[in-house]
Amino acid sequence: MIVSTTTILEGRPAREYLGIVTGEVIVGANLFRDLFASVRDIVGGRSGAYEDVLQRAREQAIQEMRTRAATLGANAVVGVDLDYEVLGANGSMLMVSATGTAIIY
């Protein structure tokens, strides 16, 4: 299935628009990961642990969106937008959402 941030697929006009599809993933922060990330913030550098969690959450949200599109009979999702939101009383959770339009081309 083609997934694109563009609103059209060049050379592949949409035959049918099936509607908006989404995928959401909420991940909690881990105490040890937080500890190492705060140390990394003090001494500088990238937080590989957080980057890994963010990458997995993004991939899962996109996969969930693809699955919902396939259920509708789509063979592509266009106009995809990724959003990130911090949730929880202490900002201890992160939500990644992928939204797009399911189409048949």
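Mentor: Let's start with a term: a residue is buried under 20% relative accessible area, exposed over 50% and partly exposed in between, using a 1.4 Å probe and protein chains only. The model is predicted, so local features need pLDDT of at least 70 and side-chain atom pairs count only at pLDDT 80 or more, while totals for chains, interfaces and linings use all residues. Residues are numbered from 1 along each chain as its sequence is written, and side-chain values use heavy atoms, leaving out hydrogens and water.

Trainee: Why does Ser 4 count as buried?

Mentor: Its relative accessibility is 14%, and the cut-off is under 20%, so Ser 4 is buried. Ser 4 lies in the loop between strand 1 and strand 2. Over the protein, buried residues make up 25% of the 105 residues.

Trainee: What does Ser 4 touch?

Mentor: A contact means heavy atoms within 4.5 Å. Leaving out residues up to four places away in sequence, Ser 4 touches Leu 9, Val 77, Val 78, Gly 79 and Val 80.

Trainee: What makes the pair Ser 4 and Thr 6 a polar contact?

Mentor: Their side chains are joined at 2.6 Å. A polar contact is a pair of N or O atoms within 3.5 Å; within protein, one must be able to donate a hydrogen and the other to accept it, and residues adjacent in sequence count only if both atoms are side-chain atoms. The 2.6 Å value is therefore within the 3.5 Å limit.

Trainee: How many helices and strands are there?

Mentor: Two helices and four strands, in the order β-β-α-α-β-β from the N terminus. They are DSSP runs numbered from the N terminus: helices are H or I with at least four residues, strands E with at least two.

Trainee: What makes strand 2 and strand 4 a pair?

Mentor: Two strands pair if DSSP finds at least two bridges between them. Strand 2 and strand 4 have twelve, in the antiparallel sense, with Gly 19 opposite Ala 102 in strand 4. Strand 3 and strand 4 pair antiparallel over ten bridges; Asp 81 has Thr 99 as its bridge partner. These two strands form a hairpin with five residues between them, and Gly 88 in the turn has a positive phi of about 95°.

Trainee: What is the order of the strands in the open sheet?

Mentor: The order is 1-3-4-2, with mixed pairing. Strand 1 and strand 2 stand at the edges with a single partner strand each, so one side of each has no neighbour in the sheet.

Trainee: Which residues have the most contacts inside the largest nonpolar core?

Mentor: Val 21, Met 65, Ala 69 and Val 77, in a core of 14 residues. Helix 2 gives the most, with five residues. Such a core is a set of buried Ala, Val, Leu, Ile, Met, Phe, Trp, Tyr and Cys residues joined through side-chain atoms within 4.5 Å. Among the residues Ala 69 touches are Val 21, Val 77 and Ala 102.

Trainee: Which element has the lowest mean pLDDT?

Mentor: Helix 1 (residues 31-43), at 52, whereas strand 1 has the highest, 98. The pLDDT is the predictor's confidence in each residue, from 0 to 100. The protein averages 86, and 80% of the residues score at least 70. Where pLDDT is low, the predicted coordinates should not be read in detail.
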